[in-house]
Structures are given as structure tokens and as C-alpha cells.
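Subject: Structure handover

Hi,

Here is the structure I promised you. Please open it next to this email and follow along.

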Amino acid sequence: MLQKRLRVTATLNIAGDVVATVGAFFLAWYLRFVQPVIEVTKSVPDFEPYLRMLPFILLIWPIVYYFHGLYRIRRGHSRVDEAISIVVATMLALVILTAVLTFDRLTQAGSDDPFSYSRAFFALFVASDIFLVALLRFVTRAFLRVVRRSGHNVRRILIVGAGDSGGEIAAKLVRHRELGYEVVGFLDDDPDKQASEPVSGVNVVGTLEDLEATIERYRVDQVMIALPFEAHRKILNLLDRIGNELIEIRLVPNVLQYATLRAEMEDVDGTPVINLSHVPMEGWSSLAKRTMDIGISAATMAVLLPLLPVVLVLIKLEDRGPLFYRQERMGLDGRSFMILKFRSMRIGAESATGPVWAVENDPRRTRIGAFLRRWSIDELPQLWNIFRGDMSIVGPRPERPAFVRKFRDEIPNYMLRHRVKSGLTGWAQVHGWRGNTSIRKRIQYDLYYIENWSLRLDFQILWLTLRRGLTKNAY
């Protein structure tokens, strides 16, 4: 039933987005060429070439919106987050549309010149689309809220067990009222929980002995059982008591308390299996992220190519040593690779000490190396690692194997950061946790990134890196 409601909400959003986008397209034409808000300096073009653009828009827009998570319910996804996602996704869709149109060389009737679209039209289209999509989504939410507050299409849920699992599922159902679920209360035999404050605004309304009476009193549509493993006999007893009731029964497995990443239900030839370490960067999401990595790394390397001889000359003038420095790091699934950097330390800097952290004003740095490290220029050759597939643009920073062996036994969940590709920059780095800083804090930020990954979050991190992250603690 929950998946059905999610599909209904997603379908309404898709339909609204398509209507809004088509409306924005015709509104942009109207504002540009019929009642122009920007002066038309040339003759009004034929409408046919613009109309041929519409099928591409109707194909690209829903796909990009889907990969930006605009058709799924996400934890803590506020209206502001949704608005940002709409802006980013629409801009990305426009970039893809522009690329597609370069292969669709249209010409005006009677002219051999390539057809040129109006940039003002695209600006008006994007602005109108963002506004109309956000507006229709707001109207859709308001409509569903009004319908469900009036008592239509609302499912009443009773949660058996007011512990951690029950409290968590209640909080999520309360947070997403647009799905049309009303939590009527908890049942729990613990006297302390019966006398405690409401959990997410939901009260304990009785004990397990009151199950049948509570179902009848509140006209319950669904029972969610969220009891711990040690209450196995109670669970079997409850299933036996309500097996003949015409209500839905859901089991919230207490095993989810051990989930270290996202939990996901899988199917092995009909047998349900819970994956406790699911990461969102799989399948199409992985393809989208890899495409972004290749595109950004290739374009950036091309732009920065003139910088290479300048850095080479500066490094060579100082100590005649090599330009690049290669070092073993641990990446995806614990596999090692050789990371590439501009050399910023003296030759043989670790010959006496072995692997150690770089520190502020590290005496092992060369003069040009201090400058390169301060502005993170020494990291730029890692664009080649990204292009090769060893790393990603965004992800947890890779560590040396010696440090990994040390931290994996000292810090809980440390190895989970290796479930995804390492990154040139990351959520921890743009918040100041880089270099010789707290490993535990870095792990917290790395795991947050893995659990909440989206292309929108990647672009947010890239923006923060450019805006404030390049010189933070750059030893």
C-alpha cells in the first residue's frame, strides 16, 4: 500500500511537471515573439523549428528530474530542497537539450544557413518552467492535503511497540502526511513508555492485550509490528490474534538498528532478504555519476593544460626533481590505486619517518610546494585518476593503506567509506574536515554523503569547493 501511494504521488508529480513544462514552452514563445518582453531585433522565426524541439524536452526533462530524486520521497526533503533540485535539474536538462539540438541541424525554409535558436527564448523558458513546476507541485501537495484532512483516502495505522523502531517509523509517517497515513497510537506493555511523553506527537494508547479493542475503537486499517527480536513469541501471538481481521499487517524488523547504510529489501527467487548496506550509487545512478566524472574531468584538464608547463618549470627550478608524485591509496571496495599529484615535498621526504600526516608549515615542503598545497593545485593531476575511473569528482578522500589498517580497527564503520569511489573533493572537505583533522568527524560527513547521495548534492559540493573549500586547512 505504501508503494502504491508513493507511485500515485510520483504519477501526479510527473503529470504536473509535463503540463508545467509544456505550458512554459508556449509561454516562452508568447513572451518572446507574440507579446515580446524583450525587443525582437530580427524577424520573428518560424514556429516549426521550435515545435520540433518539444519531443526532446518531453523526453529529457522527466529523465533528468527522475535522477535528481524529484519523484521519490526523501528523508528531510523540505520545500526549499525541492526548489533547489528543480532549479539544478532544469538547468542540467537545458544543457543536455542544447547538446542534442547541435545534432539536429534545422534550417529555415528557403535558407541554407543553420537555424539559430533565440537565447532569450531559452532564458524565458527555463524561468517559466522552474516557476510553473514549483507552483504545480505546491498545488498538488495542497490538494492532497485538503483531500486527506477531510477524511478521504486516509489510512489509520496502529504501531505495536514504542521502542526505537516504532518511534522511527512513526516519525517518518508523521513527517510525510501527504501520503495519507494517520498514526492513531502505540501499543506497548512497558509502563515507562505508557507514562512517557508522546513520540513524534503519537501517544501510547494501550497494552498488547488491548489490540482488538483498539483496532475497533480507532477503526484501524493497518497494524505495524515493531517489537524487538526477544519478543518473538509475542509477535507470533499477535499474528495469530489479528490474522482473521480485515486489516493490513506490516512487520518492522528490529534488525534495521544494525543497518549502517540504507536498508533495502531484495528478492532471491521469492525469498525476501534485507540488504543492510545498500548505497544509492548503483545502476543508472552510477552511470549518471560516471558520465559527470568523465565530462568534468576531461573539460577541466583541457582548460588547465596551459598550467602544466608553468608548474613544471617552477618545480624543476627549485630542486630539479620530478614533476609528479605517485602514492598508493585505497579506493572503491578496498582496491589500491596510485594517486597522482604535483610534487610538493622534498625528494625522499618520508625516507626516515615512513607514512605520516602532513602538518601545518610542514618543513618537508618545498617553497613552490607550499604554494601548491595552500591552493590545492597539487591535487589537480587527480583529474587523470578520475578520467581513468580510479576516483570520482566527489566522494570520500582516499587514504593510504597504512592509515586504513590503523583506522579500521579504531573507528566504527570506517570501511564503509570504501563502498563508493574516492573523490577529489567531498562533503567532509567543504566543511573543513581535511588534512590533519578529526578522522571521526570525517567519517560522519562521509557516511552522510553516501546515505544521501544525489547529483544535486554533488553539484552543491562542487559549488562549495569553488566558493570556500580550496584553501581550508590545505597544508
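Strand 4 and strand 5 (residues 248–251) run parallel, joined by four bridges. Strands here are DSSP runs of E with at least two residues, helices are runs of H or I with at least four residues, and both are numbered from the N terminus. Two strands pair if DSSP finds at least two bridges between them. Across this pairing, Q222 stands opposite E248 in strand 5.

A word on the source before going on. This is a predicted model, where local features need pLDDT of at least 70 and side-chain atom pairs count only at pLDDT 80 or more, while totals for chains, interfaces and linings use all residues. Residues are numbered from 1 along each chain as its sequence is written, and side-chain values use heavy atoms, with hydrogens and water left out.

**Strand 4 and its partners**

Strand 4 covers residues 222–225. Strand 4 also pairs with strand 1 (residues 155–160), again through four bridges and in the parallel sense. There, I157 is opposite Q222. In a regular strand the side chains alternate between the two faces of the sheet. Look at strand 4: Q222 and M224 point one way, and V223 and I225 point the other way. All four are buried. Buried means under 20% relative accessible area, exposed means over 50%, and partly exposed is in between (1.4 Å probe, protein chains only).

Helix 16 spans residues 439–451. The expected span is 1.5 Å times one less than the number of residues. The buried residues of helix 16 are I439, R442, I443, D446, L447, Y449 and I450. Seen down the axis of helix 16, they fall within an arc of 155°, so they line one face. The arc is taken from the directions from the helix axis to the C-beta atoms. An α-helix has 3.6 residues a turn, so residues three or four places apart point the same way.

Helix 11 (residues 307–319) also has 13 residues. From first C-alpha to last it reaches 19 Å, close to the expected 18 Å.

**Positive phi angles**

Most residues other than glycine have a negative phi. Which residue just after helix 11 takes a positive phi? R320 does, at about 65°.

R219 is not a glycine either, yet its phi is about 50°. R219 sits in the loop between helix 8 (211–218) and strand 4. R219 counts as exposed, at 58% relative accessibility.

D333 has a positive phi of about 60° and is not a glycine. Find D333 in the loop between strand 8 (324–330) and strand 9 (336–342). D333 is exposed, with a relative accessible area of 51%.

**Salt bridges**

A salt bridge is a side-chain nitrogen of Lys or Arg within 4 Å of a carboxyl oxygen of Asp or Glu. By this rule there are 15 salt bridges. Here are some to look at.

- The side chains of R417 and D446 meet at 3.0 Å, N to O. This pair links distant parts of the chain: R417 in the loop between helix 14 and strand 11 (423–425), and D446 in helix 16, 29 residues apart. Both R417 and D446 are buried.
- D189 bridges to K234, with the closest N and O atoms 3.4 Å apart. D189 lies in the loop between strand 2 (181–187) and helix 7 (191–195) and K234 in helix 9 (residues 232–242), so the pair ties together parts 45 residues apart in sequence. D189 is partly exposed at 32% relative accessibility, and K234 is partly exposed at 42%.
- E379 bridges to R397, with the closest N and O atoms 3.1 Å apart. E379 is buried at 12% relative accessibility, and R397 is buried at 11%.
- R155, E248 and R250 are linked in a network of salt bridges.

**A nonpolar patch**

Which residues form a nonpolar patch on the surface? They are F131, L135, F138 and V139, with about 380 Å² of accessible area together. Patches use residues with over 30% relative accessible area and no salt bridge; like charges are joined within 9 Å, and nonpolar side chains (Val, Leu, Ile, Met, Phe, Trp, Tyr) within 5 Å. Accessible areas come from the Shrake-Rupley method with a 1.4 Å probe, and for residues only the protein chains shown count as cover. V139 lies in helix 5 (residues 119–149). V139 is partly exposed, with a relative accessible area of 43%.

Best wishes
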